Amino acid sequence: KENVNVKELISKAVEHLLIPMEIKEQTLEINGDENTQFIGDFNWSSEAVTNIIKNCIEHTPSGGKISINFSETPIYTMIKIFDNGIGIHKDDLPYIFNRFFKGKNSDKDSIGIGLAMSKSILQKQGGIIEVKSEKDKGTQFTIKIYKNIV
């Protein structure tokens, strides 16, 4: 475990996703204090965030927007990733973090492992992930990585 700078983490996570976003003419907006950090594994955390952003890209139409906001409190570091895409069907919401689950709006090539892996990676670092979604309005993923407070 090491100090993970969230701005650097997000830069790495989106690095290879910029071309698919450009092809779909999607806008990416990133906001947060550049000193925001947490104690964790940089590479695995990047993988977790990449999977979530990839999911947003796949479910947001051409011309859509993906936003990432991050901040830090004395208790946790928070990363919010949200889109203005098609949303996740309400019947699927309780299951989207289950391995091999493919929701009603899943891409035909989806295996159903990315979000499950993200949740597992974050939990191993003392974090949680939550999701809110509304049909045709978008989805918001909220990651909280808690600090070890003694």
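## A pocket and its lining

Strand 3 (37-40) and strand 7 each supply at least two residues of the lining of the second largest pocket. The largest share, 3 residues, comes from strand 3. Among the lining residues are Lys1, Phe38, Glu72, Gly126, Tyr146 and Asn148, and the space in this pocket is about 160 Å³. A pocket here is an open set of points on a 1 Å grid over the protein atoms alone, with protein on both sides within 12 Å along at least five of seven lines, and lining residues have an atom within 4 Å of a point. The volume is the space filled by probe spheres set on the points, which are joined across faces, edges and corners. Strands (E, at least two residues) and helices (H or I, at least four) are DSSP runs numbered from the N terminus.

This is a predicted model, with residues numbered from 1 along each chain as its sequence is written. Local features need pLDDT of at least 70 and side-chain atom pairs count only at pLDDT 80 or more, totals for chains, interfaces and linings use all residues, and side-chain values use heavy atoms, without hydrogens and water.

Five of them form an open sheet in the order 2-4-5-7-6, with mixed pairing; two strands pair if DSSP finds at least two bridges between them. Strand 2 (27-32) and strand 6 (127-134) are at the edges with a single partner strand each, so one side of each has no neighbour in the sheet.

Strand 6 runs antiparallel to strand 7 (residues 138-146), and the two pair over 8 bridges. In strand 7, Gln140 is the bridge partner of Lys132.

## Helix 4 against the sheet

Helix 4 (residues 114-123) packs on the sheet and touches strand 6 and strand 7, its direction making about 145° with that of strand 6. Such angles run from 0 to 180 degrees between N-to-C directions, with axes fitted to C-alpha atoms, for helices over the stretch in contact (heavy atoms within 4.5 Å).

Which residues of helix 4 are buried? They are Leu115, Ala116, Ser118, Ile121 and Leu122, where buried means under 20% relative accessible area with a 1.4 Å probe, protein chains only. Their cover includes helix 3, strand 6 and strand 7.

## The nonpolar core

The largest nonpolar core has 31 residues, of which Ile53, Ile79, Ile81, Phe141 and Ile143 touch the most other members. Helix 3 gives the largest share, 7 residues.

Technical notes:
Core = buried A, V, L, I, M, F, W, Y, C linked by side-chain atoms within 4.5 Å. Buried < 20%, exposed > 50% of the residue type's maximum accessible area, 1.4 Å probe, protein only. 1 Å grid on protein atoms, 1.4 Å probe; cavity = no way out; pocket = protein on both sides within 12 Å on 5 of 7 lines; lining within 4 Å.
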